[in-house]
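Biologist: I would like to learn how to read this model, one feature at a time. Where should we start?

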Amino acid sequence: MSFPPDLGYELVNPPLTPGNGFRFGRGTLVHVAHSEISSPEIRTEDVPMARADGLMMGRDYFSGMTVTFDINIKTRSPGDNGAAAKELHRKMSAAWFTEDTFVGASRLTPGEVSELYLTDDDRTLILYGRPREYQPTRGRTRAGWIPVTASFRAITHKFYEAEWQHGSITSAPSTSTGLVPPFQFPISTFAVQVLDDFLFVGGNTETWLLTKVFGPIAQPKIEVTNYYTIETSSDFFLKAGEWMEIDPRPWSRKVMKNGTTPIAGKFTAQSRRISMQTLPPGVHRVVLRGIDPTGTARLETSWRNAWSTW
C-alpha cells in the first residue's frame, strides 16, 4: 500500500509543536516521488492442537508499520551550485536524526515518539513513531537535485486524526441527606451526584479516551456504560483548583494529580486497567459520580478518531 502522491507531510520531533517541524511533500521543494507502507508485523499466540491436526488460535497482536519514502530534493536555483538543495538536505537529515530541536535528540529518550502528519484535502492524520533510515544518494547536487530514501517506523498500525474531539460534564450541587446507613468512611452527609454525557466516536477502529476531573469532588467515579469503570478509593478527593488526569495512550501514559503527583495507587480493583481504556466507534454514555456540595466539579473527555488506513 502507498500514500497518494500529492499529500503534504510534517515530521514533528518533541518538544516541537505542529507548524515547527520539517515539512515535505506537497507545497515544498522536498518532493515525495513514491511511498510504501509495510503491513504491520503480527505476533500470534497460536499453539499446535494436542494429539490432533491443526492449530488452536490464540491472541493476535499487531506491531507498528513502516513507511518508506523515495524523495527528491529539487530546488532548481540557477547559479547557486546546489546551495539551496544542500541546505534543505541538512535540515531534513537533522529532522530525521531528531536533532532539529536544539535540546538534544529525542531518540535518546526511551518511550519518546515523534509525530508524522499527513495532510490531504479533507483532513490531517497522525502517525506516532520515530524516523529511522535516512539514505541520500548521488543525484545532481550542483543542479539542485538530491535523491533521498527515508523511513518512519510507527508504533502502531493506526492513524489518528489531528483534530481533537471533546466532551464535558459540569456538576450540580450534591444534596444533604443526613447520615444514612450503611456508613462508609470518610462519612459525608451529602449524596453522590450522578451526571452524564454522550460521546460520538468516529473512525473505524478503537481509540484512546483521555479523562480529566476537576475539583472540588470526593470519590470521583467515571463510568463508560457497557464498557468500563474508573473508580477512586474512598479517601481520594480533589479540592477546588485541583484536577486528576488519566492519559492511557502508550506514548504518553500517565495518571497524575495536578500534573505532578502520580496517583496510580488511588483506584479500586474494579477500575479498568489503563492499557485497556479504549472506545470503539459509536455513541457512548459517560457518567461522572461523586460528592460535590458546590456544583462546580466537572469531567472533561477527549479523544482522536482512529483509522486502520489513511
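Modeller: Start with strand pairing: two strands pair if DSSP finds at least two bridges between them. This is a predicted model. In it, five bridges join strand β16 (residues 210-214) to strand β25 (residues 298-303), and the two run antiparallel. Within this pairing, L210 stands opposite S302 in β25.

Biologist: Which sheet do these strands belong to, and in what order do its strands lie?

Modeller: An open sheet of six strands, in the order β13-β25-β16-β20-β21-β22, with antiparallel pairing. At the edges are β13 (165-170) and β22 (261-262), each of which pairs on one side only.

Biologist: How should I read a nonpolar core?

Modeller: In soluble globular proteins, nonpolar side chains tend to be buried together. Here the largest nonpolar core has 30 residues, and those touching the most other members are F3, F24, F69, I71, I73, M92 and L127. Elements giving two or more residues to this core include β1 (8-12), β2 (22-25), β8 (66-74) and α1 (83-96). A second, separate core holds 24 residues, among them I169, V213, V224 and I246.

Biologist: What is F24 in contact with, leaving aside its neighbours within four places in sequence?

Modeller: The contacts of F24 are G8, Y9, L11, V30, V32, F69, I71, W96 and L116.

Biologist: Next, salt bridges. How many are found in the whole structure?

Modeller: Side chains of opposite charge can pair when their charged atoms come close. The search of the whole structure finds twelve salt bridges. One of them joins the side chains of R285 and D196, at 2.9 Å from N to O. This pair links distant parts of the chain, 89 residues apart: R285 lies in strand β24 (residues 282-291) and D196 in strand β14 (residues 193-201).

Biologist: Why do R285 and D196 count as partly exposed?

Modeller: Partly exposed covers the range between under 20% (buried) and over 50% (exposed) relative accessible area. R285 counts as partly exposed because its relative accessibility is 32%, and D196 because its value is 36%.

Biologist: Which residues are linked in a network of salt bridges?

Modeller: K221, E223 and R289. Separately, the side chains of R298 and E300 meet in a salt bridge at 3.0 Å, N to O.

Biologist: Last, what is the average pLDDT of the protein chain?

Modeller: The average is 89, and 92% of the residues score at least 70. Over residues 174-191, however, the pLDDT is below 50, although this stretch has 29 contacts in the model beyond near neighbours in sequence. Where pLDDT is low, the predicted coordinates should not be read in detail.

Notes:
Residues numbered from 1 in each chain as written. Predicted model: local features only at pLDDT ≥ 70, side-chain atom pairs only at ≥ 80, totals over all residues. Heavy atoms only, no water. Helix = DSSP H or I, 4+ residues; strand = E, 2+ residues; numbered from the N terminus. Core = buried A, V, L, I, M, F, W, Y, C linked by side-chain atoms within 4.5 Å. Buried < 20%, exposed > 50% of the residue type's maximum accessible area, 1.4 Å probe, protein only. Contact = heavy atoms within 4.5 Å. pLDDT = per-residue confidence, 0-100. Salt bridge = Lys/Arg side-chain N within 4 Å of Asp/Glu carboxyl O.
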